[in-house]
Amino acid sequence: MDQHFLNGMHDGPQEFRPQPWYNPDGDCIIYQVSDEAFVAHRIDDMLTIYRSLTGDRIIGFQIKGVHAILKKSGWEGLSVSSEIGSGRVKSVSIAAMLLAAYEEKPFTMGRRRGYASAMQSPEYSCDIPLAEFQPA
Amino acid sequence: MSDFYCKTVNPKDPADAAIDAIFPHDLTLHYYKYLPVRYENLRAAKFVLENVDVIFSGVREYNDGGWCYCGHPPQWYVRPGKIEDFPQDMVFTVYMNPNYRIYECRAEFSANDDPKRPLDWQNRYGGVVWTNIS
């Protein structure tokens, strides 16, 4: 393939890291546990899951409308505290956010399967520090 | 820290001059550092913006505005260093917020009634803004 159009704009080491990331421009959280192409399956307005191309594995998901979820559930309902070094850090629990998103809409078998898939993806229990939730 | 600009069809008025879609620095840097295959597939996103087949409006329930650009890149990265033809039964979608900033790009299965549109396009968008008939 041709040279990447962003060649030279970024440098430094590249290392896949399975960590959730809040994207302020999309007001969404993306989380991917494997560095590979995927096909996206939209579950509802708040959740899209990423399946491997063979379809047999969930390799991540996207939670949309994050601030609407936070506004409705409140920070306290979604946050967890943890000890880091000598201080305490508050973070938003991805698992709690998935549950809050699930409760937003009428329960259907398709939604239940979709949310269950997201919660079964490896390491789903990661959190995001509260400070990262700054809207664009 | 600089964003990358890419000319594409104006979603507010497709007959008007092209707009600059923005690949935000934060996004491209995050992909570069931590999601290398996604970073490589930004090439597919740029191809779609420059060769768009269909544009949808109303992509989010909880966020106003935004568009989805759909297209079919010739190739993409499936794993680090491994390039394949882009599947015929999929479309590559690029999501842009009301400030023309890209926030998501990915493959989705095509609709049965139109291979240039993503599955369930009838129920998930506000409407079709533009279709390439050339």
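Me: Which residue classes line the second largest pocket of this predicted model?
Reply: Ala, Val, Leu, Ile, Met, Phe, Trp, Tyr, Cys and Pro count as nonpolar, Asp, Glu, Lys and Arg as charged, and the others, Gly among them, as polar. Sorted in this way, the lining of the second largest pocket has six nonpolar, three polar and four charged residues.

Me: Which element gives the largest share of the lining of the second largest pocket?
Reply: This pocket is lined by 13 residues, and A:Q19, A:W21, A:E132, B:H30 and B:Y34 lie nearest its centre. At least two lining residues each come from β8 (127-129) of chain A and α1 (25-34) of chain B. The largest share, five residues, belongs to α1(B).

Me: What is the volume of the largest pocket?
Reply: Its lining holds 13 residues, with A:M1, A:D2, B:R43, B:A44 and B:F47 nearest the centre. Helix α3 (residues 42-50) of chain B supplies the largest share of that lining, five residues. The volume of the largest pocket is about 280 Å³.

Me: How many charged residues line the largest cavity?
Reply: The largest cavity holds about 120 Å³ of space. Among its 14 lining residues, A:K64, B:V59, B:R60, B:Y95 and B:R106 lie nearest the centre. Four of the lining residues are nonpolar and two polar, and the charged ones number eight.

Me: Which element gives the largest share of the lining of the second largest cavity?
Reply: About 90 Å³ of space lies in this cavity. Of its 13 lining residues, A:F38, B:R38, B:N41, B:F92 and B:C105 are closest to the centre. In chain B, α2 (36-40) and β8 each supply at least two lining residues. The largest share, three residues, comes from β8(B).

How values were computed
Residues are numbered from 1 along each chain as its sequence is written. Chains are lettered from A and ligands numbered from 1 in the order in which they are written. This is a predicted model: local features need pLDDT of at least 70, side-chain atom pairs count only at pLDDT 80 or more; totals for chains, interfaces and linings use all residues. Side-chain values use heavy atoms; hydrogens and water are left out. On a 1 Å grid over the protein atoms alone, a cavity is a set of points where a 1.4 Å probe fits but cannot get out, and a pocket is an open set with protein on both sides within 12 Å along at least five of seven lines; lining residues have an atom within 4 Å of a point. Grid points are joined across faces, edges and corners, and a volume is the space filled by probe spheres set on the points. Helices (H or I, at least four residues) and strands (E, at least two) are DSSP runs, numbered from the N terminus.
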